[in-house]
Every structure is written in structure tokens, then in C-alpha cells.
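Have a look at the sequence and structure, then read on.

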Amino acid sequence: MVAAFVTVKHKLNEWILAEVVDYNLDTEEFKVQDIDEKQNSTYVAKRERVIPLPSWRANPIENPNAIFSKGTEILALYENTTCFYKGIVHEPPTTSIEPYQISFEDSDCPSGFSSPTSVTQKYVLAYKKFD
């Protein structure tokens, strides 16, 4: 499973939750399948536009450097969607099973960020921006 930055409907670029179905060594491109069953779309993405999801949860007590700290810009899976959006860590987990508390960018909110939402560790990734 990966987060892939792809061009979707109406030429919008989005970070989606996807499964890798193939990799071309010559072009360094991944073929990914959107996990949203309604979309059932396949995309091709360059290697730098694909972020593997972590296989393990980090333990903040044993590996504090493996946890994003409060205020860090991240990509996180938005609740009840299959898309990753930019946010900031409102509160990092304090145990290996605890989720992050993420505030997502939201222009409708006076602060520019939503109220904190729980997001499982494996769906919180380092922020990457592409134009």
C-alpha cells in the first residue's frame, strides 16, 4: 500500500491511497490501483510521487525519533476517504497503539486548520509538495 500523487478527474492532482500493481525498472514508474472501489482507476506515477505506507507502528517511548512532533507538516488520510491531505500534527501518539491527532488545512476555519482528528499512525506520512 502506498500514497500516490496522481492526476484524477478534471485534471486535479491528489494524493490517493493505492496498491502497487507493477513497477517499470526502465522508466522508474509505478502502476498503482486506487483502493476506492467506486473509482477502480489505475494510474502511472513516477517513483518520487509514491510514498510507501509504514509496515510497523512506532513506539514513541523506544523510538521517539520515529514519531512526527507537534506542529510538523504531514500528509494524512482524511477520515472516511481514500485521499491524503496536508495537515499538522496537533498531538503525536504517546504509545504504539495510540493515533495521531491531526489538524487538516481548512480555509473555512478561522485558524486555517480543522479541529483535531484521530489518524492511525500508518496513514500519517512526511509532507511532500508538487506543483
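Helices (H or I, at least four residues) and strands (E, at least two) are taken here as DSSP runs, numbered from the N terminus. By that count, the protein chain has zero helices and 10 strands, which reads along the sequence as β-β-β-β-β-β-β-β-β-β.

Some ground rules before going further. This is a predicted model, where local features need pLDDT of at least 70 and side-chain atom pairs count only at pLDDT 80 or more, while totals for chains, interfaces and linings use all residues. Residues are numbered from 1 along each chain as its sequence is written, and side-chain values use heavy atoms, with hydrogens and water left out.

**Overall build**

With a radius of gyration of 15 Å, close to the 14 Å that the globule rule gives for 131 residues, the protein chain is as compact as a globular protein of that length. The radius is taken over C-alpha atoms, and the rule is 2.2 Å times the number of residues to the power 0.38. Along the principal axes, the C-alpha atoms fill a box of roughly 40 × 35 × 25 Å.

The accessible surface comes to about 8400 Å², and 48% of that belongs to carbon and sulfur atoms; areas come from the Shrake-Rupley method with a 1.4 Å probe, and for residues only the protein chains shown count as cover. Of the 131 residues, 32% count as buried, meaning under 20% relative accessible area, with exposed being over 50% and partly exposed in between. Contact means heavy atoms within 4.5 Å. Among contacts between residues at least 6 apart in sequence, 43% join residues at least 24 apart.

The largest one has 12 residues, including Val2, Ile16, Phe30, Tyr43 and Cys83. Strands S1 (2-8), S2 (12-24), S3 (29-34) and S4 (42-46) each supply at least two residues of this core, and the largest share, four residues, comes from S1. One of the core members is Ala18; setting aside neighbours within four places in sequence, Ala18 touches Met1, Val2, Val32, Gln33, Asp34 and Ile35.

**A buried glutamine**

Gln121 sits in the loop between strand S9 (117-119) and strand S10 (124-126). Its relative accessibility is 8%, so Gln121 counts as buried. Beyond neighbours within four places in sequence, the contacts of Gln121 include Pro54, Ile67, Thr95 and Tyr100.

**Salt bridges**

Side chains of opposite charge can pair when their charged atoms come close. Here a salt bridge is a side-chain nitrogen of Lys or Arg within 4 Å of a carboxyl oxygen of Asp or Glu, and the whole structure has five of them. Among them are these:

| Pair | Closest N to O |
|---|---|
| Lys70 and Glu91 | 3.0 Å |
| Glu105 and Lys86 | 3.4 Å |

Glu73, Lys86 and Glu105 are linked in a network of salt bridges. Glu73 is partly exposed at 41%, and Glu105 is also partly exposed, at 45%. As for the Lys70 pair, Lys70 counts as exposed at 54% relative accessibility, whereas Glu91, at 35%, counts as partly exposed.

How values were computed
Buried means under 20% relative accessible area, exposed over 50%, partly exposed in between (1.4 Å probe, protein chains only). A nonpolar core is a set of buried Ala, Val, Leu, Ile, Met, Phe, Trp, Tyr and Cys residues joined through side-chain atoms within 4.5 Å.
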